[in-house]
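Me: I'd like to learn how to read a structure like this one, feature by feature. Could you walk me through it?

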2 protein chains.
Amino acid sequence: MLERKMVPVEQIRQFRIFRDLGDAIVDEIRRSAWIKSLAADEVLFRQNDPVRRSYFCLSGQVKLFRLTRAGSEKIFTIASSGDSLRDSISLMAGRLYPLNCTAISASEMLSIDPEFIADICHRSRDARTSLVEALEQRIDELVDHAELLSVDKASFRVASYLLNEYRRNGSKRSFRLGSSKKYVASYLSLQPETLSRCLRHFRQNGIASSVNRRIEIHEPERLEQIVHGVDAAA
Amino acid sequence: MLERKMVPVEQIRQFRIFRDLGDAIVDEIRRSAWIKSLAADEVLFRQNDPVRRSYFCLSGQVKLFRLTRAGSEKIFTIASSGDSLRDSISLMAGRLYPLNCTAISASEMLSIDPEFIADICHRSRDARTSLVEALEQRIDELVDHAELLSVDKASFRVASYLLNEYRRNGSKRSFRLGSSKKYVASYLSLQPETLSRCLRHFRQNGIASSVNRRIEIHEPERLEQIVHGVDAAA
DNA sequence: CATTCGGATTGACTCAAGTCAAACCCACCG
DNA sequence: CGGTGGGTTTGACTTGAGTCAATCCGAATG
């Protein structure tokens, strides 16, 4: 599943770390990078394996997760086309992947030698600034996620998630979930049943409704209130 | 509360980011850094304020936390002497502090202009490698923390925490908690009552006991088993 | 078009963590 | 040495998320 064919320049430049690089460096990347094609459910890497390649998602969808002692999976991130797998970057030899990564659907990943990325960072000021920025942003995301999980009320978590997605989609009343509810539930560390009941509750109160993966936000203000603990309908 | 007195070189080199720097650069840091002294409960920075200074803990203890909608605090990290506040670093202007920071006890913080840190990273290969490494490690820590919180069983969280502390203290049977149980509970996103009951449970089963802040681990193997979901005493 | 399989939903039940209130204990201070 | 206050522990009670089981539905398949 390894293709040597040259990756188009725009495909490389879509990732922030590579955006500001000169043509010469981008061309170096094109010549040394691979495309790794994954079938659905194929494993890209496992938690605690040494980092040998760094990945960037060109198409499809992958999940980054850990296994619980019960054997089920807790999803930390779902990455789609255009997302950098920031958890797979290592400037120094010796880092271990903190998570498992498996394809949800057939996917293509840009695969780059982490040492080559390190090399680029040492050569380009812009590249290293972007890299650090990307890592800092990842830290902020994880703090947000930990905060989400620290609240035990399920409706808070769901409201918070819906509000995030709503804003990410340009505050449009209607949008599609990025993945199945099963995965959303795992991301929120809830049982699918609990997520389902929460959405029903929101539907009955006219706050939001869902048909399959299509979500309709009727009253974003009330979601806001639930997140901030004001609304009693929580 | 601003002292201009020169910080000793060893004090600066104790932080990994600065460890491998040449004397000339360390001396630049000494001349441009301040010491910020904090009284107990004094605020160092607030969540969402723009990052104006980056901090490194020289003495005392500070907590990094967010406020919940109920007004209580959820602690993410407790930093003591020798710890870098990695969440206060920003290579680019525009980052906001992701957390609040307040002194638990009287503390002294090394305060450095983030632009100066950026400058050092651009000049020293070692420094930027250490910085990226520090951020990657912070990401791994936060993933671990999110995993901890995703498990709803309180005894898992407590066992996992005790095991971590046990190992961090060189696997000695007896050690002191770094902070009051109230803060430990907040870190684990548990109520103090729940933590207390958990410890009682461990005491009754001969797994571990605590007198004030002193912890005695009697059977580390069983903690291990609880964390991995084997032990029924969970 | 019928079949099938995985995801989604619903209901009934259980139980562990949260909550409230009270007692306790240690450290600090006058 | 007694008093005060914050952290800690304990008990009684409530509640909401997990669990198990059954059903429903939709998309993919032949």
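**Strands, copies and DNA**

Reply: Strand β9 (residues 214–217) of chain B has a covered face made of Ile215(B) and Ile217(B), and an uncovered face made of Arg214(B) and Glu216(B). This is a predicted model, in which local features need pLDDT of at least 70 and side-chain atom pairs count only at pLDDT 80 or more, while totals for chains, interfaces and linings use all residues. Residues are numbered from 1 along each chain as its sequence is written, chains are lettered from A and ligands numbered from 1 in the order in which they are written.

Me: What makes a stretch a strand here?

Reply: Strands (E, at least two residues) and helices (H or I, at least four) are DSSP runs, numbered from the N terminus.

Me: Which strands join β9(B), and in what sense do they run?

Reply: The general idea comes first. Strands of a sheet pair through backbone hydrogen bonds, either parallel or antiparallel. Here two strands pair if DSSP finds at least two bridges between them. Strand β7 (residues 174–176) of chain B is joined to β9(B) by three bridges, and the two run antiparallel. In that pairing, Ser174(B) stands opposite Glu216(B). Strand β8 (residues 208–211) of chain B also pairs with β9(B) in the antiparallel sense, over four bridges, and there Ala208(B) stands opposite Ile217(B). β8(B) and β9(B) form a hairpin with two residues between them, and Asn212(B) in the turn has a positive phi of about 50°.

Me: What is the strand order of the open sheet in chain A?

Reply: The order is β7-β9-β8 in this open sheet of three strands, with antiparallel pairing. Its edge strands are β7 (174–176) and β8 (208–211) of chain A, each pairing on one side only. With axes as lines fitted to C-alpha atoms (for helices over the stretch in contact) and angles running from 0 to 180 degrees between N-to-C directions, neighbouring strands of this sheet are turned by 20° against each other on average, direction ignored. Three bridges join β7(A) to β9(A), and Phe175(A) has Ile215(A) as its bridge partner.

Me: Why is strand β4 of chain B described as largely enclosed?

Reply: We count neighbours. A residue is buried if 20 or more other C-beta atoms lie within 10 Å of its own, exposed if 12 or fewer, and partly exposed in between, with C-beta atoms placed from the backbone. Ten of the 14 residues of β4(B) (residues 54–67) are buried, so the strand is largely enclosed by the rest of the structure. Ten bridges link β4(B) to strand β6 (residues 100–112) of chain B, running antiparallel; Val62(B) has Ala103(B) as its partner there. Seven bridges link β4(B) to strand β5 (residues 73–80) of chain B, again antiparallel, and Leu64(B) is partnered by Thr77(B). The hairpin of β4(B) and β5(B) has five residues between the strands, and Gly71(B) takes a positive phi near 95°.

Me: How many residues does each chain give to the contact between A and B?

Reply: Two residues are in contact if their C-beta atoms, placed from the backbone, lie within 7 Å. The contact takes 36 residues from chain B and 36 residues from chain A. On the chain B side, the elements that give two or more residues are β5 and α5 (125–150), and α5(B) provides the largest share, 18 residues. That side divides into 15 nonpolar, nine polar and twelve charged residues, where Ala, Val, Leu, Ile, Met, Phe, Trp, Tyr, Cys and Pro count as nonpolar, Asp, Glu, Lys and Arg as charged, and the others, Gly among them, as polar.

Me: Which residues are closest to DNA strand D?

Reply: A residue is near a strand or molecule if its C-beta atom, placed from the backbone, lies within 6 Å of it. DNA strand D is surrounded by 19 residues, the closest being Ala154(A), Thr194(A), Lys181(B), Lys182(B) and Ser196(B). α8(B) gives the most to this surface, with six residues.
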